Amino acid sequence: MANNKKTTIHDIAQKLNVTASTVSRALNENPRISENTRKAVLKAAKELNYEPNQIASALRSGRTQLIGMLVPNINRAFFSSIIRGVEEVANSLDYRVIVSQSSEIFENEESAVKAFLNVRVDGIIASIGKNTENFDHYKQVLDRGLPLVLFDRTTADLQTSQVVIDDYQGGYLATSHLIAQGCTRIAHFTMERKIDIYKERYRGYTNALLDHNIKPDENLLFSGNLQLEDGREHTLALLQKNQEFDAIFSASDYAAMGAMQVLKEKGLKIPDDVALVGFLNEPFTSFTDPPLTSVNQFPIEMGHTAANLFFDALHAGKKKVVPKKTVLQPELIVRASSLKEKH
């Protein structure tokens, strides 16, 4: 039968004929321990497959070297890329990231934050769920003096560091591009929530219209959850109400995909009859027929920035840190769904 007993510092001490306290000091790089002793302890620890007790180490240092990371959906390429960006920075500093997803359910988000606090993470990096309007669970993080960094979906109700894309500029670029293609009746799919990003995309859309002397029409504005089915329903509503429209700017690639499906089913040509632009630049946008024009949010860079903001706050300790908002610039990736041959 295999011996599953874990090696302890006492086993190392016995092997080297030294005290357990000497081993402990050597492993923690105490300056009182000679270099020869430290090397001997490290060699023996490796030979005996010694694994340090992370809980005991955390109790001594006051840190677990764990970051709690909360995303709405882990299976979205956008959020998984941000996780990758955070992990690249965290792992280089010997930190590990624990990831949880809310699935856009407030209770899940609330319980995930509580679980992170219970396992004593050193702080939290999070993106707010679409249905979240109460932020008391995040205020608990700040009340404990822990770093809290919000990314992508943020709120002005929390005074903490944030990293976002310039959603206003993204909305403005997308709408201006459609106008440059000759479109004047541009529908917009958005979301009515307390999440700032959709307000800013809508503001960019509206101002682009006004700057080109096009009066915004509330009949072309549709609010929902920006999922594929919402895109289908909004597009069907446009067609059933006989609303004149020659383009759709969706604040999400998924709703844009729903629109593309319906337009094709109804025999409308994209982009000749209706031009389409989405937002996120999800990987699938390159493979749709036609490929979907979309706003790139640079998720890996967003993850790097969120992690750096986290460690800035962590290293500041109890010093008062002024919350910092980092705004990344978007890029419109133009593809065939919006390029009209004649305009």
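Predicted model: local features only at pLDDT ≥ 70, side-chain atom pairs only at ≥ 80, totals over all residues.
## Basis

Residues are numbered from 1 along each chain as its sequence is written, and side-chain values use heavy atoms, with hydrogens and water left out. Local features need pLDDT of at least 70 and side-chain atom pairs count only at pLDDT 80 or more, while totals for chains, interfaces and linings use all residues.

## Strand S6

Helices (H or I, at least four residues) and strands (E, at least two) are DSSP runs, numbered from the N terminus. Five of the five residues of strand S6 (residues 186–190) are buried, meaning under 20% relative accessible area, with exposed over 50% and partly exposed in between (1.4 Å probe, protein chains only). Ile186, His188 and Thr190 point one way from S6, and Ala187 and Phe189 point the other way. In a regular strand the side chains alternate between the two faces of the sheet.

Two strands pair if DSSP finds at least two bridges between them. S6 pairs in the parallel sense with strand S8 (residues 247–250) over four bridges; the partner of Ile186 there is Ala247. S6 also pairs in the parallel sense with strand S7 (residues 221–223), over three bridges, where Leu221 is the bridge partner of His188.

## Helix H2

In helix H2 (residues 20–27), the buried residues are Ala20, Thr22, Val23 and Ala26. They cover an arc of only 160° around the axis, so they lie on the same side of H2; the arc is that of the directions from the helix axis to the C-beta atoms.

## Charges over rings

A charge sits over a ring if NZ of Lys or CZ of Arg is within 6 Å of the ring centre and within 35 degrees of the ring normal. The charged end of Arg76 sits over the ring of Tyr254, 3.8 Å from its centre.
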